[in-house]
Structure formats: structure tokens, C-alpha cells
There are 2 protein chains.
Amino acid sequence: MESRASMAPTPGALPYYVAFSQLLGLTVVAMTGAWLGLYRGGIAWESALQFNVHPLCMVIGLVFLQGDALLVYRVFRNEAKRTTKVLHGLLHVFAFIIALVGLVAVFDYHRKNGYADLYSLHSWCGILVFVLYFVQWLVGFSFFLFPGASFSLRSRYRPQHVFFGATIFLLSVGTALLGLKEVLLFKLGTKYSTFEPEGVLANILGLLLAGFGVVVLYVLTRAEWKRPPQAEEQALSMDFKTLTEGDSPGSQ
Amino acid sequence: MESRASMAPTPGALPYYVAFSQLLGLTVVAMTGAWLGLYRGGIAWESALQFNVHPLCMVIGLVFLQGDALLVYRVFRNEAKRTTKVLHGLLHVFAFIIALVGLVAVFDYHRKNGYADLYSLHSWCGILVFVLYFVQWLVGFSFFLFPGASFSLRSRYRPQHVFFGATIFLLSVGTALLGLKEVLLFKLGTKYSTFEPEGVLANILGLLLAGFGVVVLYVLTRAEWKRPPQAEEQALSMDFKTLTEGDSPGSQ
């Protein structure tokens, strides 16, 4: 293990899986746009089409960009740790801002039309995921980017950050599926059971959304694709003194 | 790491997390029963209530029992590997049979009432998950219980089996949420937005379902809670010769 890690070559199959994840992710974004454009009248802020801003923004922000933010540590395996960290944090900021626009759109649309807020399972899951995402970002920032946390504190928090990051991503995908289902049942109603083209397209979109979640999770969890500890250690320059005196992060 | 693994004490917090997962899982099953009993007229095979067999069976089989089958290796950490394996396989058989009853119930209900089959995202995900579950069981059986596969083949397949096991479990939870949402939108319709008690109960059930999925995943993935390789090696008696000549499974 140690010798393989210190050589740190990019594993042969990794680029193909990453490319496949990007193909799936971009297809999901394009298909969401196509569904909204073809069957839901397109997108606008100042009209009934304001609702459509919501699914597009959530899919771009909390599915595609969030997924890509998690993959950063697998794709940029040999870059300086700090660069990768900043990119990881920035992608999450973009994802958060785009998701926030999507949230404002749906609340504003509800307000203008006198619809109730936050009554459905989709909305409960959505608010929960959004708050968890924000908290995870704040805690992640204060542990890993803000120069205060000690090396041992970082080492102990890291597995929790990774687990909750992956969990929040999967909950985001699940919430998107619930939202897609909600729109289909509200808009198509009984026509859903006659295999209307919109229903079939949206079902395929749902399967691709789930597929994107699975592929990102696979790339993230495959043991031999993890970022080699050596590169990690090199870039933790501010903790270098602590590091050389203590254990390596890989051994904890 | 090695010394900790060979002592193999049960990690202090593990029993509490397992107990919490069981509390959550049993609450989910009880709450599904309560929801169907209180608001959906109860359960029967020969009437319109046949539909209600479906959600109850799927939650017991593909959520609770499937989740518990995954936890077997964390709970019985120091039992003989073969005993744990057989229990893992048997729990999956029970889960599969109960889920099959749930599937027959919904198809039979659709047939009797002239409803269309397999048009919704829930049904597409459900069939996909059920087929994947069956294939995973067959492949798992032929690799790990059928005495043919070599030790190195098992070692190479094991991480894939674990990844796809966890993924199929998470997809099952997601599919259950989609199904719950479908029933709520069909049966409650616009009343859903007035915070009817049934809607609120079902939303809480949905959050608990997702919570069970997260806790099982946490217990399963926490690195220091993994089954110590020593106990694994001892029980792989049929491969003992190969094992002592080659690498230990923990190092692959």
C-alpha cells in the first residue's frame, strides 16, 4: 500500500469513470433544460414560468456542481492540497449560490400565487438538505481553510466531513427525484399512466439523476482511487511542523 | 492499525449506533403500519386494501431487513465468518421473499382494477432495484457461499459487493420515498397542502426512512468499525492454504 501510494500514479480506469460521471451529469442538466423547455413552457423570472427556475437551479447547483466538488480530490490527485481545497470550497460556493437562486424562485412563485409553502416531503427534505449543506460548508471552512484548526483536529474531523459530504449529496439527489415526481403527478395527473412522452422523458431523467449519484459515489469510495496521503502531507505546509513530529494523516 | 485489529475489541460507540439504527428501523415499520391502519383502511389480500400490502412489505423487506443484513458484519464482529455470512445471506432471502409478496400484491391489485403497470418513476426504480437485488444475491452467493471461488477472486470481488450492496440499499430507501410521495399525491391531492394529519405523519415517516438509511450507511462505512481482518482470516478455512501463501485480505 505504502509504496503504491508514494508513487501516486493516476489509476488507469479512474479517468474513464470521471469522464462517464461528467457525461451523465451534463446529460442530466441538458435533459432538465429540455424537459422544462419542451413540456413546461421554458424559463422566466417574471411569470408563471418562474417555478421552472427552481428545478434547473437545484439540478445544476445541488446535483451537478455538488457532485463535481466531491470529485475534485480524485481528479486533481497530484495538485497541491491547498489548490484542490480552494477549488473544492469554491465549487460548493457556486453550487450554494445557484441553489439559493432556485430556492428564492420557488418561494417567490408560491408567494405570488398564494400557494402554501413547505407542506410536502420534497420541501421538508429540501430545506433540511439545504441547511445541512450550509452547516457542512461553514464547519468544513473553519476546519480546513481557516488557519486555526490543529492537524489532529483536522484528522479527526476529516472522515466525518467526507461521510456527511457524500450523504448530503445523496440526499440532494433523492430530494431532486421527489421534486421531479411531484411535478409529474401535479402536472400530468392521470395522463402519467398513459406513457405520455413527458412522463417517459422525466422517468429517464430520474434514472439518470440516480445514475449520476451512483457513479460519483463509486469514484469517491473506491479505496485505491483515494488521494495518496503523500501529496496531502506535502501541501499541509502550515501544519508541517506538527506533521513531521506526529503521525502521518494516512495512519489515523 | 494492525495491533488494534488483532485485539478486535468492540468499539465503544458502535452498540449505541446499532441500537439507534434498530430503534429507527422499527419505528419506520411501526409507523408504516400505523399510517396504513389509521388513514388507508388497513391491510387485506382480497379487497381494495390489497394495495396496502405493497408499502408494508417493501418497507419491512427492502428497507428494514435489507439494512439489518448489511449491519450483520458490524454487529457480529467476532463470530465465525461463515456463521455471519450465512446470517447475512438468510436475512437477504427473507427480505427478498417479503419484497416479492409486496410486488405480487401491487401487480395483482393493478390487474384486478385495470390500472396500468410500470409507468411511474417509482415503479421503474423499484423494478430496477429488485432485479439488481436479486442479481447481487446470486453473484454474492456464488462467490462467497458456494465453495468454488478462489480466495483472490473473493478478495477482488468483495469491495464491489460491499459498494453495490450499500448502493442497492440506498436506492431501495429512495424508491420507498418516491412510492410514499406517489400515494400522498394520489390520495390526498390538494389536501396535502393544508397540512392534513396524514400528510404530516407521512412526511415524518419519509424523514425517518431517510434517517434509517443514513445511520445504516454511517455504521457500515466508519473505518474503525469495520470487521477486523483477523476474524475474517480465521474462518476462511477452505482458503487457508492460499491465504497463508499470499497476501492477507486486509492489504488488498
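Guide: Rings of Phe, Tyr and Trp (its six-membered ring) pair if their centres lie within 6.5 Å. In this predicted model, local features need pLDDT of at least 70, side-chain atom pairs count only at pLDDT 80 or more, and totals for chains, interfaces and linings use all residues. Residues are numbered from 1 along each chain as its sequence is written, chains are lettered from A in the order in which they are written, and side-chain values use heavy atoms, without hydrogens and water.

Visitor: Which residues do ring pairs link into a cluster?

Guide: The cluster consists of A:Y17, A:Y218, A:W225, B:F163 and B:F164. Over all chains, the structure holds 36 aromatic pairs.

Visitor: How is the size of an interface given?

Guide: Often it is the accessible area lost when the parts come together; here a 1.4 Å probe is used and the loss is summed over both parts. Chain B and chain A bury about 3300 Å², with 79% of it on carbon and sulfur atoms. In chain B, the most area is lost to chain A by B:L121, B:W124 and B:K181, together 19% of what that side buries.

Visitor: How many residues does the contact take from each chain?

Guide: With contact meaning heavy atoms within 4.5 Å, 38 residues come from chain B and 40 residues from chain A.

Visitor: How many salt bridges lie across the interface?

Guide: A salt bridge requires a side-chain nitrogen of Lys or Arg within 4 Å of a carboxyl oxygen of Asp or Glu. The rule finds two between chain B and chain A. A:E182 forms a salt bridge with B:K181, with the closest N and O atoms 2.1 Å apart.

Definitions and conventions. Buried area = accessible area lost by both parts, 1.4 Å probe. Phe/Tyr/Trp six-rings, centres within 6.5 Å; stacked < 30°, edge-to-face > 60°.
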